[in-house]
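This report describes selected features of one protein structure. Please keep the sequence and the three-dimensional view at hand while reading.

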Amino acid sequence: MPQHKKPGNGTHISEFLLLGLSQEPELQPLIFGLFLSMYLISVLGNMLIILAVSSDSHLHTPMYFFLCNLSWVDICFTSTTIPKMLWNIQTWSKAITYEGCITQMYFFIVFGELDNLILTVMAYDRFVAICHPLHYLVIMNPRLCGLLVLVSWIISVLNSLLHTLVVLHLSFCSHLEIPHFFCEINQMVQLACTDIFLNNILMYSSAVLLCVGPLAGILYSYCKILSSIHRIASTQGKYKAFSTCASHLSVVSLFYSTVLGVYLSSTAFHSTHSSAIASVMYTVVTPMLNPFIYSLRNKDLKGALERFLG
């Protein structure tokens, strides 16, 4: 059983219990097989994107540079949660150590925010490519591309570090069951027996600045892109311009619709179980589908994959 303490005595709890997606024993083999399959597909698909782009000199452009970074982040994102979940199902255990839970929460926030910021950077890249095509290579030079990714990493790491430090100051007394398949920060904070006002302020302000802000940037970029496409005279030109950002638009729509779906489901139904099931969409399904969306809708990438696979 998890050990606990009274608040403020300077000791830490030893572990939390992750309740997972279902308490039914007969469903555990099905959940294990389903999540193992999705995890392997996600890792393999994103790794193929990285290898195909790296091996084809024609794809050494800003767009594919950002795509490689997105694929790498998606691999890390799913790897922070799914392996522990699979291990717990396999060992018939629900426990995760306090240190393990804090570590998982930290990296989940880092890679989740990186996904968000890199999608925003990719929207800016498409904005420059379509709205300023003659100056594209000058504006999106290697130095700027590297700087945009570096800044995304710095923001994500600092944001996650701030959240983690505030959670470390919380005291947990009893009822250490997390109704989720990973250490989701909001669920952890709700288990605290000390004041969580600062945590709530930080979570809401972070959501506004680092979620609503990038989404507004993406919407602004696509408003400008659609305006530029509308001014193109030929139908073929319009189709060609739109096709260069269709894959990214699909991924952005999938990512934000699933995140919004999780938020609405938890708000409307007030059910942590519904929220846990809905969160599977953006934590597992979206990273798994991204390689298929980009490879099926992009002739250059499809050709590079075919050449890479021989």
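The structure is a predicted model. It contains an open sheet of 3 strands, arranged in the order β2-β1-β3, and the pairing in this sheet is mixed. The edge positions are taken by β2 (95-97) and β3 (177-178); each has a single partner strand, so one side of each is left without a neighbour in the sheet.

In which sense does β1 pair with β2, parallel or antiparallel? The two strands run in the antiparallel sense, and their pairing extends over 3 bridges. Within this pairing, Glu15 has Thr97 of β2 as its bridge partner. By contrast, β1 (residues 15-18) pairs with β3 in the parallel sense, over 2 bridges. Here Leu17 has Glu177 of β3 as its bridge partner.

## A helix on the sheet

The helix α4 packs on the sheet and touches β1, β2 and β3. The direction of α4 makes an angle of about 80° with that of β2.

In the whole structure, a search finds 12 aromatic pairs. One of them joins Tyr124 and Phe127: the ring centres are 6.2 Å apart and the ring planes meet at 35°, so the pair is classed as tilted. Planes under 30 degrees apart would count as stacked, and planes over 60 as edge-to-face. Both Tyr124 and Phe127 belong to helix α4, where they are 3 residues apart, about one turn of the helix.

## The second largest pocket

The second largest pocket has a volume of about 870 Å³. Two or more residues of its lining come from each of α2 (62-79), α4 (98-131), α9 (235-269), α10 (272-296) and α11 (299-308).

Which element gives the most to the lining? It is α9, with 10 residues. In total, 32 residues line the pocket, and Met63, Lys240, Ser243, Thr244 and Asn298 lie nearest its centre.

Notes:
Residues numbered from 1 in each chain as written. Predicted model: local features only at pLDDT ≥ 70, side-chain atom pairs only at ≥ 80, totals over all residues. Heavy atoms only, no water. 1 Å grid on protein atoms, 1.4 Å probe; cavity = no way out; pocket = protein on both sides within 12 Å on 5 of 7 lines; lining within 4 Å. Points joined across faces, edges and corners; volume = space filled by probe spheres on them. Helix = DSSP H or I, 4+ residues; strand = E, 2+ residues; numbered from the N terminus. Pairing = 2+ DSSP bridges. Contact = heavy atoms within 4.5 Å. Axes fitted to C-alpha atoms, helices over the stretch in contact; angles between N-to-C directions. Phe/Tyr/Trp six-rings, centres within 6.5 Å; stacked < 30°, edge-to-face > 60°.
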